[in-house]
Amino acid sequence: MIRPRRLRASAAMRRLVSEVRVHPAQLVLPVFVAEGLDAPRPISSMPGVFQQTLDTLPDVIEQAAAAAIGGVMLFGVPIHKDAVGTGATDPDGILSRAVGVASQVAAGRLVVQADLCLDEFTDHGHCGVLDGDRVDNDATLVRYAQMGVVLARAGADMLGTSGMMDGQVAAVREALDAAGFVDTTILGYGAKYATALYGPFREAVNSSLTGDRRTYQQDPANGREALREVRLDLAEGADVIMVKPAFLDVVSAVAEVSDVPVAVYQVSGEYAMVEAAAANGWIDRRAMILESLTGCVRAGADIVLTYWALEAAEWLG
Ligand code: PBG
């Protein structure tokens, strides 16, 4: 008889034959940095996650470096928002300053990443500028290009083009190169879906969005379309490709065609669901977290953005 169970018979054997190992270096911690707070503010829909301040950010960066995770992804939460997201391109704006602080404290120990998108900075909450009630793709590209240069100048190592505008990677790459930031890397959000799983994130960034993002983010029904988006991002010069949220069939398909590293973003709703179930005693929290990260890597992700990065790194280290 063929007996696959032989390889499962002891913890030592299972450890030896494990196909996938999640390493702290693959994990990236998303960090929210808010303007105008005296102290970190808890995000109620994401228990354990806080809006940090510029003063508390250094401690988070030190923790990330000590945990030897791969990097941090910074999101800015400004006080003032307007139609074009002026704060996004302000060198003294919250995101730019956070990037400066993080890169100084990290001092090369982490890859400092920043979200390159307007939604945290616009009063309507959309990821771009509007023309009437529609998001104007090409006018938005101009803003992204400016924002990319500002964030690169602030010290970002990698820029996450998360807005789902057509041509965004090319526009940002061209602007970076023209400004001399030829080594700043781009994390192209090739496949980003319009999903209910971003719900808690809206609270995390004090989003003012009403409506949805279905005219620019992808329909969760579509898998083939993700590959088209990924091919475009690769052609436009993305250094790393992102799938978001952790739709693992899409991760797997993207990993098949990508010749650059593949990242996956385990988003706020995924975090909130596990935390809520664990808080109710309905699920083994630690096992669930590790299993979910293992699933991402098994599907083909090289990099996982997760709000559990620090805790998971401790368990895995
Ligand atoms: C857009 C952005 C979003 C998230 C990351 N970047 C929100 C959106 O697209 O609506 C969501 C991340 C999460 O839910 O954890 N800048």
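Glu 62 counts as partly exposed in this predicted model, because its relative accessibility is 37%, which falls between the limits of 20% for buried and 50% for exposed. The residue sits in helix α2 (residues 57-66). Its salt-bridge partner is Arg 109, and the closest N and O atoms of the two are 3.2 Å apart. Arg 109 lies in the loop between α3 (94-106) and β5 (111-116), so the pair ties together parts that are 47 residues apart in sequence. Arg 109 is also partly exposed, at 42% relative accessibility.

Side chains of opposite charge can pair when their charged atoms come close. A search of the whole structure finds eight salt bridges. One of them joins Asp 239 and Arg 173, with an N to O distance of 3.8 Å. Here too distant parts of the chain are linked: Asp 239 is in the loop between α7 (224-236) and β10 (240-244), Arg 173 is in helix α5 (residues 168-178), and 66 residues separate them. The two partners differ in their surroundings. Asp 239 has a relative accessible area of 30% and is partly exposed, whereas Arg 173 has 13% and is therefore buried, the limit being 20%.

Another salt bridge pairs Asp 212 with Arg 214, whose closest N and O atoms are 4.0 Å apart. Asp 212 is partly exposed at 43% relative accessibility, and Arg 214 is exposed, with a relative accessible area of 52%. Elsewhere, Arg 173, Asp 177 and Asp 239 belong to one network, joined by salt bridges that share partners.

The surface also carries a nonpolar patch. Leu 7, Leu 16 and Val 17 form it, and together they have about 280 Å² of accessible area. Leu 16 is placed in helix α1 (residues 11-17). Its relative accessible area is 63%, so it counts as exposed.

Turning to the whole chain, the model has 11 helices and 12 strands. The radius of gyration is 19 Å, close to the 20 Å that the globule rule gives for 317 residues, so the chain is as compact as a globular protein of that length. Along the principal axes, the C-alpha atoms fill a box of roughly 70 × 45 × 40 Å. Of the 317 residues, 52% count as buried. The accessible surface comes to about 14,200 Å², and carbon and sulfur atoms account for 52% of that area. Among contacts between residues at least 6 apart in sequence, 74% join residues at least 24 apart.

Terms used: Residues are numbered from 1 along each chain as its sequence is written. This is a predicted model: local features need pLDDT of at least 70, side-chain atom pairs count only at pLDDT 80 or more; totals for chains, interfaces and linings use all residues. Side-chain values use heavy atoms; hydrogens and water are left out. Patches are made of residues with over 30% relative accessible area and no salt bridge: like charges are joined within 9 Å, nonpolar side chains (Val, Leu, Ile, Met, Phe, Trp, Tyr) within 5 Å. Accessible areas come from the Shrake-Rupley method with a 1.4 Å probe; for residues, only the protein chains shown count as cover. A salt bridge is a side-chain nitrogen of Lys or Arg within 4 Å of a carboxyl oxygen of Asp or Glu. Helices (H or I, at least four residues) and strands (E, at least two) are DSSP runs, numbered from the N terminus. Buried means under 20% relative accessible area, exposed over 50%, partly exposed in between (1.4 Å probe, protein chains only). The radius of gyration is taken over C-alpha atoms; the globule rule is 2.2 Å times the number of residues to the power 0.38. Contact means heavy atoms within 4.5 Å.
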